[in-house]
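Please open the model in your viewer and keep a selection panel at hand. The tour below moves from one selection to the next and says what can be found at each stop.

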Amino acid sequence: MLILKDIIKNYEVPVLGPIDVEIKSKSFVSIIGASGSGKSTFLRLASGLISQSSGSISYKNNIKPKMGFVFQDSTLLPWRNVIDNVLLPSELTKQNNSESIEKSINWLERVGLKGKENSFPNELSGGQKMRVSIARAMVQGGDLLLLDEPFSALDEVTRRKLEDDLLEIWETNNITVLFVTHSVTQAVYLSQRVIVLSSGPGIILEDLAIEKNLKDGFEETSEFISQVRHLTNILKKEGREL
Amino acid sequence: MSRYLSYIAPLLTFTILLILWEFLVILNKIPLYILPAPSDIISSLMLNYLDLFSSAFITLRITLLAFFIASSLAIFLAILFSQSRIVELSIYPIAVIFQVTPVVAIAPLILIWVGFDNAEYAILILATIVAFFPVLANANLGIKSVNKNLHELFSLYGAGRYQRLTKLQIPFALPFILTGMKTSIGLSLIGTVVAEFVAGSGTSTGLAWRIIEAGNRLDIAKLFAALILLVILGIFLFLLISYIEKLILRKWHDSSII
């Protein structure tokens, strides 16, 4: 799906790289690391929002996949109601038609916001706003979903519910997910693979395939705990407490 | 209760002050040409209402026209600035120069340029200059304040300049623009009156001219009556823009949600 080869990103100072990584199609990959490790830069490079200082990014069959991006804040346009926010990508790509309206309504239903189509963002809770943001990212039928610490500002209960909803979306839509987080437990819970970045300039410290035998109650298993411990120790060695 | 109190308290204070004023003038036998009592001012207002209201209408017309021209020009320039840094660097300092130059200092010049027979144009230009900057500064700030993530979102979907401007930057800047307009509408009125004082005497028949005329004749009650009309005009214009602001922002902006 996505191959990053010898990627380096510098601003005034080096912030990332060199990075060599391949993201497989339909995988769920989390990127963790301390603040300033270049996690968000990694995501923006993968999305093409910024360009690398050196190295190359290539896509499967040389076709850039359709992407959806969920930011740390919901980035909803406050002057648009929920349905119009979800329709924004269709409008910007000039595909705004009755089909896209239908898709938007369907996605709002899927993320549990049926009946909220005409509400404005200021009438929604933080969790609901994030759901709209996910619906907007998915409405164009993207192959790659990029999420930049999307649940960090939410309370525990809402966050857990959204994590499960995200897993359900990933499983049922055959998409690839790149998920940036600062939470080790969240990364292990959600992902098939966790990439740990060192503090800036971020290089890959660990690329761990998560062993996940049980779907329900995974967090209580010894595999879960040992993998969280392993990743936490790596980050502690790096001299950063998460 | 507190909602009514916010109306009752200032009204009550104002009424008490008026009563005090009335009694102080009567008790101290202050001459009419120094300080008329409120009852004298009301009498003068009723006696001269045709003169005063027609002058108020002239002042209002120029104020609104100046406000409209200033706002349109300022928003247009702010949009232009957002599209070209060079244009902004070239024009913004000129706008600042106009802002810091006292309107009374350039009034004679404008009057000469437009001709003494066209004093109304001079007033309009001067009032426009006074009202222009707050909208420009606020619109410019609003357009520039768009969240970086929102810009990235638009980039992700390949939004062009026009889409970015119309679907993101202008709506985002609306609360800023309306704040600028609330300042600007008051300045339009002040600019019109000051310009009438400086450039309009004798040829313009706005409220400022009525004030000068009443002052020259020591008709202080009429002078106060004209002043009252100016204050009412100012409050009316401010409330009008506040109402428009509320209509536009009521559904989505925190400032308009009670």
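Domain bounds here come from an automatic or database domain assignment, and the model itself is a predicted one.

With that in mind, select chain B, where the assignment gives domain 1 as residues 1–30 and domain 2 as residues 34–256. The contact between them draws 6 residues from domain 1 of chain B and 5 residues from domain 2 of chain B. Colouring by class on the side of domain 1 of chain B that touches domain 2 of chain B, you will find 5 nonpolar residues and 1 charged residue, with no polar ones.

Next, turn to chain A and display its strands, 6 of which form an open sheet of mixed pairing in the order 5-6-7-3-8-9. Strand 5 (67–70) and strand 9 (204–209) of chain A each have a single partner strand and stand at the edges, so one side of each has no neighbour in the sheet. From one strand to the next, the twist averages 15°.

Now select strand 3 (residues 28–33) and strand 8 (residues 193–197) of chain A, which run parallel and are joined by 5 bridges. Within this pair, Ser30(A) has Val194(A) of strand 8 as its bridge partner.

Terms used
Residues numbered from 1 in each chain as written. Chains lettered and ligands numbered in written order. Predicted model: local features only at pLDDT ≥ 70, side-chain atom pairs only at ≥ 80, totals over all residues. Contact = placed C-beta atoms within 7 Å. Nonpolar A, V, L, I, M, F, W, Y, C, P; charged D, E, K, R; others polar. Pairing = 2+ DSSP bridges. Helix = DSSP H or I, 4+ residues; strand = E, 2+ residues; numbered from the N terminus. Axes fitted to C-alpha atoms, helices over the stretch in contact; angles between N-to-C directions.
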